[in-house]
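Here is a short tour of one structure, written to be read with the model open beside it. Please keep the viewer at hand as you go.

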Amino acid sequence: MKKQLELLFRLQSIDSNIQRSETLQRQFEEEVKKLQAELDSEGQKSSDVKQEVDELVKKHREYEAVLKVLEDQKNKVQEKMMAIKTNKEYTAAQHEIASIDQSIGKQEDEIILTMDAIENAKELISGAEAALQQAQQRFDDKKKQAATELSNYLADIEKQKGERETLQQEIKPDMLRAYQQIFKARKGIAVVLADNEHCFGCSMKIPSQLYNEVVRGDQLHTCPHCRRILYVDRSAVDEGQQLACDQSG
Ligand SMILES: [Zn+2]
């Protein structure tokens, strides 16, 4: 019986490890997903700001082209003025030049504004690229961690799962059934340590007589409070007895 309880305790420890590993793996996947979302968002920001610069550069080129057309127009009017004979025609040409100058002034203002906007957006590009690089680094680091630490850990868990198979064959069917029922009902903890007349599953006191029976380990006992299988760590008990013998002797 002692051996059976020991096997159950080992089974519990493996099951707890498996549960922990599943939680850890889930957390890990969530972190990777979060970092992936961050990376996507930084990538989007970076490409948005680059697109903004491209559009501004295009606008700038268009303004320059319009400016060139206006300047050509102005030159033509000025050439025409050389040949003008009447005051009326001269005044009309002057009006025309004034109007073109106004348009040129507007285009020049637009060009200055666009160039400022391009400068500003270019500064944003370097910021966005740095942020993108950092996000990529965080993502890569997490992936690297998955490839090393996590996969080593999971490989060990796989080994434990193998051991679990063997254990299950060594445990008597009725014991295994009891374990499985409590495991299900008690959120994955079916076997708990008992020490010093206390249950480690619920921290409650165990009646002395029951505790002594648990220590003897001749039978399967459950905690009267949390209904979990009680287990006394034999190595600690034996050591204690050894110590007591040594002291008395
Ligand atoms: Zn308990």
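## Basis of the model

This is a predicted model, in which local features need pLDDT of at least 70 and side-chain atom pairs count only at pLDDT 80 or more, while totals for chains, interfaces and linings use all residues. Residues are numbered from 1 along each chain as its sequence is written, and side-chain values use heavy atoms, with hydrogens and water left out.

Helices (H or I, at least four residues) and strands (E, at least two) are DSSP runs, numbered from the N terminus.

## The sheet

Let us start with the strands. Three of them form an open sheet in the order S2-S1-S3, with mixed pairing; two strands pair if DSSP finds at least two bridges between them. Strand S2 (198–199) and strand S3 (229–231) are the edge strands, each pairing on one side only.

Strand S1 (residues 191–195) pairs with S3 in the parallel sense, over three bridges. To find this pairing in the viewer, look for Val 191, which stands opposite Ile 229 in S3. Helix H1 (residues 2–82) lies across S1 and S3 and runs at about 105 degrees to S3. Axes here are lines fitted to C-alpha atoms, for helices over the stretch in contact, and angles run from 0 to 180 degrees between N-to-C directions.

## H1 against H3

Two packed helices are described by the angle between their axes and the distance between the axes. For H1 and helix H3 (residues 173–185), the axes come within 11 Å and cross at roughly 35 degrees. The crossing of H1 past H3 is right-handed, meaning that the near helix is turned clockwise from the far one by less than a right angle.

Which residues in H1 and H3 meet? From H1 come Gln 4, Leu 5, Leu 8, Leu 11, Gln 12, Asp 15 and Gln 19, and from H3 come Met 175, Leu 176, Tyr 179 and Phe 183, with contact meaning heavy atoms within 4.5 Å. By class, seven residues of this contact are nonpolar, three polar and one charged.

The structure holds twelve salt bridges, each a side-chain nitrogen of Lys or Arg within 4 Å of a carboxyl oxygen of Asp or Glu. One of them joins Arg 10 to Glu 163, with the closest N and O atoms 2.8 Å apart. Arg 10 is in helix H1 and Glu 163 in helix H2 (residues 87–170), so this pair links parts of the chain 153 residues apart. Arg 10 is partly exposed at 32% relative accessibility, and Glu 163 is partly exposed with a relative accessible area of 32%. Buried means under 20% relative accessible area, exposed over 50%, and partly exposed in between (1.4 Å probe, protein chains only).

Glu 38 and Arg 138 also meet in a salt bridge (3.1 Å, N to O). Glu 38 belongs to H1 and Arg 138 to H2, 100 residues apart. Lys 50 and Glu 129 form another, at 3.0 Å from N to O. Because Lys 50 lies in H1 and Glu 129 in H2, the pair ties together parts 79 residues apart in sequence.

## Two loop residues

Lys 187 has a positive phi near 50 degrees, although this residue is not glycine. Lys 187 sits in the loop between H3 and S1 and is exposed, with a relative accessible area of 77%.

Asn 196, also not a glycine, has a positive phi of about 55 degrees. Asn 196 lies in the loop between S1 and S2 and counts as exposed at 61% relative accessibility.

How values were computed: Nonpolar A, V, L, I, M, F, W, Y, C, P; charged D, E, K, R; others polar.
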